[in-house]
Amino acid sequence: MIEYIKGELTELTPALATIEAGGVGYGLSISLNTYTSIQGKKEAKLYVYEAIREDAYVLYGFASKREREMFQLLITVSGVGTNTARMMLSSMSVNELCNSISTGNAKLIQSIKGIGKMTAQRIIVDLRDKIVALGIADEIPAGGTVAAPVNNAVRDEAVAALTMLGFSPAPTQKVVVAILQEQPTLPVEQVVKLALKQIK
């Protein structure tokens, strides 16, 4: 079992981080929260969750143990897979997610792409006590603003990230362009977060 990977951050997109450790490049699927935490760093340490299936072996990386714990809790809920859990952690911080669950705010959870009414309610019922027991609700979201690159670069990276999350490139590009026209200085992760709320 891999607990964490620490090494040189050789490539980074809002959906994938490549860390070289011991001469091996590990590709880890990440959330936008983790992307924000490690962006601009030369070295990174990501806590790992290994998803081993018949047809795939996927590593998920998290900037904090608490985010990984939240991810592992989410995938215990019926109807929530690894991609949906990553989508949830890209749409909200761990803190926001915990608050939504502990206060029973199903509507806010439903605003995340791919989460219906029944799934939102199931998440609240299944996890409300567990997040308190594990102390995940104490998570403080990583703040800090990120300087925005050139708009075209932001657009391309945002579309690529959303495509990797499973959305079609054409409608995705439309939404991303519309967001950047309204708010041209937004960093990539904010563009992707807004797009996730708009693409239905």
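These legends accompany close-up views of a predicted model. Local features need pLDDT of at least 70 and side-chain atom pairs count only at pLDDT 80 or more, while totals for chains, interfaces and linings use all residues. Residues are numbered from 1 along each chain as its sequence is written, and side-chain values use heavy atoms, with hydrogens and water left out.

**View 1. Arg86, a buried arginine without a salt bridge.** Let's start in helix α3 (residues 82-91), where Arg86 sits; helices here are DSSP runs of H or I with at least four residues, strands are runs of E with at least two, and both are numbered from the N terminus. Buried means under 20% relative accessible area, exposed over 50%, and partly exposed in between, with a 1.4 Å probe and protein chains only. A salt bridge is a side-chain nitrogen of Lys or Arg within 4 Å of a carboxyl oxygen of Asp or Glu. For Arg86, the nearest side chain of opposite charge is Glu67, 9.3 Å away; Lys and Arg count as positive, Asp and Glu as negative, and His and the chain ends are not counted. Leaving aside residues up to four places away in sequence, Arg86 touches Ala15, Ser29, Ile30, Ser31, Tyr60, Phe71, Met164 and Leu165 (contact: heavy atoms within 4.5 Å).

**View 2. Arg68 and Glu3, joined by a salt bridge.** Here the closest N and O atoms are 2.8 Å apart. This pair links distant parts of the chain, 65 residues apart: Arg68 belongs to helix α2 (residues 65-74), and Glu3 to the segment before β1 (4-12). Arg68 counts as buried because its relative accessibility is 8%, whereas Glu3, at 29%, counts as partly exposed.

**View 3. The other pairs: Asp55 with Arg53, and Arg155 with Asp156.** The model has three salt bridges in total. Between Asp55 and Arg53 the N to O distance is 3.6 Å; Asp55 is exposed because its relative accessibility is 68%, and Arg53 is partly exposed at 44%. Arg155 and Asp156 meet at 2.9 Å, N to O. Arg155 counts as partly exposed at 23%, and Asp156 counts as partly exposed at 42%.

**View 4. The lining of the largest cavity.** Have a look at Pro14, Ala15, Ile30, Leu32, Ser90, Ala161, Leu165 and Val192, which line this space. Seven of these lining residues are nonpolar, one is polar and none is charged (Ala, Val, Leu, Ile, Met, Phe, Trp, Tyr, Cys and Pro count as nonpolar, Asp, Glu, Lys and Arg as charged, and the others, Gly among them, as polar). A cavity is a set of points, on a 1 Å grid over the protein atoms alone, where a 1.4 Å probe fits but cannot get out, and lining residues have an atom within 4 Å of a point.

Conventions: On a 1 Å grid over the protein atoms alone, a cavity is a set of points where a 1.4 Å probe fits but cannot get out, and a pocket is an open set with protein on both sides within 12 Å along at least five of seven lines; lining residues have an atom within 4 Å of a point.
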